[in-house]
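Please consult the sequence and the model alongside the text.

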Amino acid sequence: MEAVLRNLAGTAELLAVAGRSGVVEQWDEQTLSRAFDWARYCEHVFTRFHNNPGMRRIMEKQLQLTNQSLQAVFPAYTDVSFSDLSQCQHLLLVGLLSNPELPSSIMKILFDSMSPANTKQSEYQGVSGLCSRIIQCKSACKVLSPLTDVSAVGADAEVQGAMLMEELAALLSQSSEACRAEHFLDSVLQGCDGAAHHFCLVIAAALLTTTNSAAQTASQDFLLDWLQRKPSELQHMCSTLPATLVIDLSKRHLKFRDAYCVVLKNWASDMEYSISDGEWVQTGTNQTSVSFQRLTEHFLALLEACPSLREGVVKELNVLKISDGDFDVRGLSVWGDLLSIINK
Amino acid sequence: MSQLQIQLQQTAEPLLNVQEMQFWLDKAVAWGQADSPDTRKDTCLHLSRLRDFLQQLLTHINNMNSTTETMKTLPFLGQFLGRLCWNPYVTAEATSRRLLFQCLWGLYTEHPGNAVERKANQWIRKVLCQLATEDDDAAAQTLMKHTGVPPEEYHLKVLRKRVALLQQNIGKSCSSLGDINQRCSCDSLLAASEACVPLVTCPEAAPLIGTLLQQPVTCVRAALSEDFLDALSSAYSRYQRLSLEEQAVVSLWYHNLSSLEEAVLRLLECVLTKTGLTMQKLKQRLTESLLPKACAQHCSIFLVVNDIFRSILKQAEGTESVKYLIQIFTSCFLRELDLLQHQTSVPLKALFPQSPQSLLVPLVTLPSEMPQEAWRHHLNWLSGSLQRLTEEEEEGDGDSSSSTRGHHNVFDAWFLLVQCAHWVQAAVQLLVTSGPEDCGPLMWLLTFYHHPTNRGHHRALQLVHAKEAWDHLRSLFSVVARPLPVDRLQSLVTLLSSQPQRPSASPLLILNLLVNFAVFFQQSLSGSTEILQTVVERSGLVDEAACVLSSLELRLNEGSCLSSDANRVHLRIKALQNTITHMCAASSPAEN
């Protein structure tokens, strides 16, 4: 345990030196290689202990101490936290590449592109050509994206959805930490601020992953419950995602289907008949703007995909129509107009 | 690189002209401005030419004395390289990426002397740092941070996911059956193959490339982009084996003739340049090359490979290693074909269309497939048939109409013999135990194998010399008393030392006889060893003797030798090989 803490401290110091000190001028290939070995070691440590709160606390404490002493040495030092350790190699790389004292010979090693990697992909391939491989990977992704992003969710969202599910499952498996799972989802939502549509795709992807275990099903359930407590995200999903996705989600998850119904009804109840337009339009400062036509399309699609809903929905709409006066003239009750379209 | 520099010094005109630079700069700008299917296609189309241009640029940069000077001659160079850095099609492909980075490093100055150089340095560092570490996808970053997945791993996952999605889409079969008006999923095949042009060297994309190559061609639209096939083939020739699995390689050869030719030529090069290649290593190399398997799966591939071998032999009929290669290749191919035969049975005629049909089955049959007592009769028949064939050709020499046809016949018959040289080896083995009365046809066959063309009607003379050698060998090996008769030894050595002036039997023919005598003749091991050692040493044909021994061993292992006491023969061969190996070691200590 002490050895691990020492190593963590040592690597934090290494990161600081790599990014801020002129010592890197002395580095050669071996030093570079060893530095990345240490970074990988820290990533392993993170993977092993990040869901172990007791160990995590101890390590965070050690890092705090190290951060303090490093702040004294390096001006404008940014702390390294335990969660940063998951990206230790990346941090090291960023530090090195932004360090103006890094010798060009070291950079050349990192960007060496002599021969294509022929080794098995899961093996560690060494520092030589590290950056070249990263760039190749990122570029290859971009090259293939016009072809693959026609799929409903998109590869990015699928991968991110899988990552989300995995983490959620890990957090939920520690039964005492339900609030941690909630906190996790909230943080992700916050981090995606400004990329709301993409966030919706990720959630959709997460909910559509095929579940092979009880743990996965539990995670999806938790996610659905959480989503229901976030009405604006839910609305956003229902209005901006492609119709097929929303229908798929409704077919897969009862909870989603029901929540979707609620959203649709909320939209409808927000509408007023505009005589000048000759159509129902949305009022209020609702962020999601849905036209009446789209609303009806939503309803029709949902009822087609989930025929068992029809009876209940028709009944409910009828009740609402009656409460509006039970007129059969268009433009007087949004429920009546909806009903007439559905019943065609 | 130094060769290019020498070229530069010799030619006064500069390699780089302004118009070309402008052309590529315009291209780079156009590619960066819009991301449409047309620009993507255009980029993939120009990739290989761009690589050449980058190479030229690199040479130019390296020739300049300083970055300042370079920037004076090419003021837009920085802008150009910068734009290319952000073009994923250029950075995905291994060679263009390498050249691009080398150009950048060419502009880097270790000890900058002025503002231009300092700025260039800074810019280069910044670009490289951004390329490797920058990520503007906020959602991805958030998820990475909260799930503890590092960026490198994340990007790898996304890439693999994209590859898997594409593979799924392509795997869907098409049922439009040639109706060009009906849309089908095969359109995506062309698009996907075009997109893969820069990805031929990316190991992660290998499964996708494999799937593309192995798509059954069921529909008019199911075509792979020509650029894609060219890119694959040139990458395949540059790097030994891309991460393609075996079936994908076979499909590549099936789709693209030049990659197949490349593979065959590479094999030939290996065989011709490596000395001391044992038969086992040759066979191994051949199996590793996947050529026999590929030929068994697609007969069209076999016909192409065969044609290449034919033309090689037509030009240089004597190269022994090539003849060995052809023999082993044919036997490996036929074995692979046998393994597949239950699926489709291809008639031998279709596989060997130019060979004389009457000789086909008799030659392709292996000696191990008939009792040893029948060999002599079979070989006599073969020898007689081939003799008749050559006589027909030679008689028709004066008659112009039939002579060309005759020529082809003899060459084709000889080529078939080379492919099925197991019968030649059987003949040599039998010659060891033959008497003077029945060695005639066997001798003829052996001579024909080594001297197919009867230039100046020398074959009769060659036969005489071969028989002479055989006589010498018989008497030499029959002698029990020691020391060995010097004159007999010497005449043998003389026969083995090639004398190009007078037509003589090929030294290799005689060597073959010698080794077979040493293995099969009823002499003590020590006696045979002594004879072999002495003669080989004096004539200097150590490597060739090792070759013959290893081919004998190969035959034995494959059961074609049919000796009643295979064990004894095996031990004998091993002992002789040891002797030869020691001779190799002794004669060239530097090679140890």
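On a 1 Å grid over the protein atoms alone, a cavity is a set of points where a 1.4 Å probe fits but cannot get out, and a pocket is an open set with protein on both sides within 12 Å along at least five of seven lines; a lining residue has an atom within 4 Å of a point. The model is predicted, so that local features need pLDDT of at least 70 and side-chain atom pairs count only at pLDDT 80 or more, while totals for chains, interfaces and linings use all residues. Residues are numbered from 1 along each chain as its sequence is written, chains are lettered from A and ligands numbered from 1 in the order in which they are written, and side-chain values use heavy atoms, with hydrogens and water left out.

The structure holds four cavities of 30 Å³ or more. The largest cavity contains about 100 Å³ of space, a volume being the space filled by probe spheres set on grid points that are joined across faces, edges and corners. Its lining has 13 residues, and B:Y324, B:Q425, B:Y449, B:N512 and B:S551 are the closest to its centre. Helix 30 of chain B gives the most to this lining, with four residues; helices here are DSSP runs of H or I, at least four residues, numbered from the N terminus.

The largest pocket holds about 1100 Å³ of space. It is lined by 42 residues, and those nearest its centre are A:Q89, B:P150, B:E152, B:E153 and B:L156. Helix 10 of chain B provides the largest share of the lining of the largest pocket, seven residues. Helix 2 (29-49), helix 4 (88-98), helix 6 (130-148) and helix 7 (155-173) of chain A are also among the helices that each supply at least two residues to this lining.

The two chains themselves meet through 59 residues of chain B and 58 residues of chain A, contact being heavy atoms within 4.5 Å. Between them, chain B and chain A bury about 5600 Å², 68% of it on carbon and sulfur atoms; buried area is the accessible area (1.4 Å probe) that two parts lose on being put together, summed over both.

Two salt bridges are counted between chain B and chain A, each a side-chain nitrogen of Lys or Arg within 4 Å of a carboxyl oxygen of Asp or Glu. In one of them, the side chains of A:D156 and B:R162 meet at 3.0 Å, N to O.
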